[in-house]
Amino acid sequence: MSTLDVARAELALAVLYLNKAEARDKICRAIQYGSKFLSNGEPGTAQNVDKSTSLARKVFRLFKFINDLHALITPTAPGTPLPLILLGKSKNALLSTFLFLDQIAWLGRTGIYKNKERVELIGRISLFSWLGASICTTLVELGELRRLSLSMKKLEKELKNTDKFKNEQYLAKLQKGNDRSLALIKAGMDLVVAVGLLQLAPKKVTPRVTGAFGFVSSLISCYQLLPSPPKAKTP
């Protein structure tokens with residue numbers, strides 16, 4: 001491939017990535033929490049960027065609650081343990097609630113909905129829903145990693161006399177484990193962010209700590225949304 005072909009392919013991947021509303025939302029989220037880290041809750045330019053980006057992000061999430069509502073009523077994969085099913089469905093219900101209530105909070109911040117006290121209450125309920133969803137996600141990922149670990153140990157015994165790193169099934173499980181480990185780290189960070197936004201531990205989880213965890217969590221989300229590069233054609 002020529003240099004121009006490589007540049008064209010990379011730009012095509014960038015266009016594909018930026019065409020996703022979810023990707024643009026996570027980029028804005030990184031800007032939002034990066035600004036929160038810089039401002040540390042103090043008035044100034046960084047805090048203005050934090051607030052304006054937070055408001056802008058809500059537009060990307062309009063009707064997004066339907067995604068988790070659909071996941072809530074979708075049958076789970078066969079063989080999934082009941083505790084993981086319940087945790088997964090609880091996560092979907094809580095995320096859907098968070099995203100739905102967040103739209104009402106957006107109406108209040110734009111001045112369309114005038115009852116400020118009710119908007120603040122709805123905003124806190126939505127954040128508690130997100131906190132609950134983050135807890136459920138963390139537990140689901142821990143459970144799935146345990147299941148995957150047991151599955152890989154069983155496969156290793158079967159591949160005892162062969163090179164396991166040349167086995168496609170083993171490599172697929174290894175990649176799945178890496179993806180779930182990253183998802184677990186992100187869920188744990190989101191948990192800290194939710195605690196910070198709700199000010200449940202203001203002395204320990206300061207705006208700067210919230211911003212730092214939120215920024216790293218956003219970068220992980222951006223990475224998770226990257227499109228897979230096209231496979232090279234074999235002659």
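Trainee: How many disulfides does the structure hold?

Mentor: Happy to start there, with a caution that this is a predicted model, in which local features need pLDDT of at least 70, side-chain atom pairs count only at pLDDT 80 or more, and totals for chains, interfaces and linings use all residues. Residues are numbered from 1 along each chain as its sequence is written, and side-chain values use heavy atoms, with hydrogens and water left out. A disulfide is a pair of cysteine sulfur atoms within 2.5 Å. Counted that way, the number of disulfides in the structure is zero.

Trainee: Which cysteine has the sulfur closest to that of Cys222, and how far away is it?

Mentor: Cys222 itself is buried (under 20% relative accessible area; exposed is over 50%, partly exposed in between, with a 1.4 Å probe and protein chains only), since its relative accessibility is 12%. Its sulfur is too far from the closest cysteine sulfur for a bond; that partner is in Cys28, at 9.5 Å.

Trainee: Is Cys136 buried or exposed?

Mentor: Let's go by its relative accessible area, which is 9%. By that value, Cys136 is buried.

Trainee: Which residues is Ala183 in contact with, leaving aside neighbours within four places in sequence?

Mentor: Good one to look at in the viewer: Ala183 is found in helix α7, residues 168–198, and counts as buried at 18% relative accessibility. Its C-alpha atom is separated by 7.2 Å from that of Glu141, 42 residues apart along the chain. With contact taken as heavy atoms within 4.5 Å, the residues are Glu141 and Gln224.

Trainee: Which residues make the nonpolar surface patch of about 370 Å²?

Mentor: A patch is made of residues with over 30% relative accessible area and no salt bridge, like charges being joined within 9 Å and nonpolar side chains (Val, Leu, Ile, Met, Phe, Trp, Tyr) within 5 Å. A salt bridge is a side-chain nitrogen of Lys or Arg within 4 Å of a carboxyl oxygen of Asp or Glu. One member, Leu62, is found in the loop between α3 (45–60) and α4 (65–73) and is partly exposed at 33%. The patch is made by Val59, Leu62, Phe63 and Ile66.

Notes: Accessible areas come from the Shrake-Rupley method with a 1.4 Å probe; for residues, only the protein chains shown count as cover. Helices (H or I, at least four residues) and strands (E, at least two) are DSSP runs, numbered from the N terminus.
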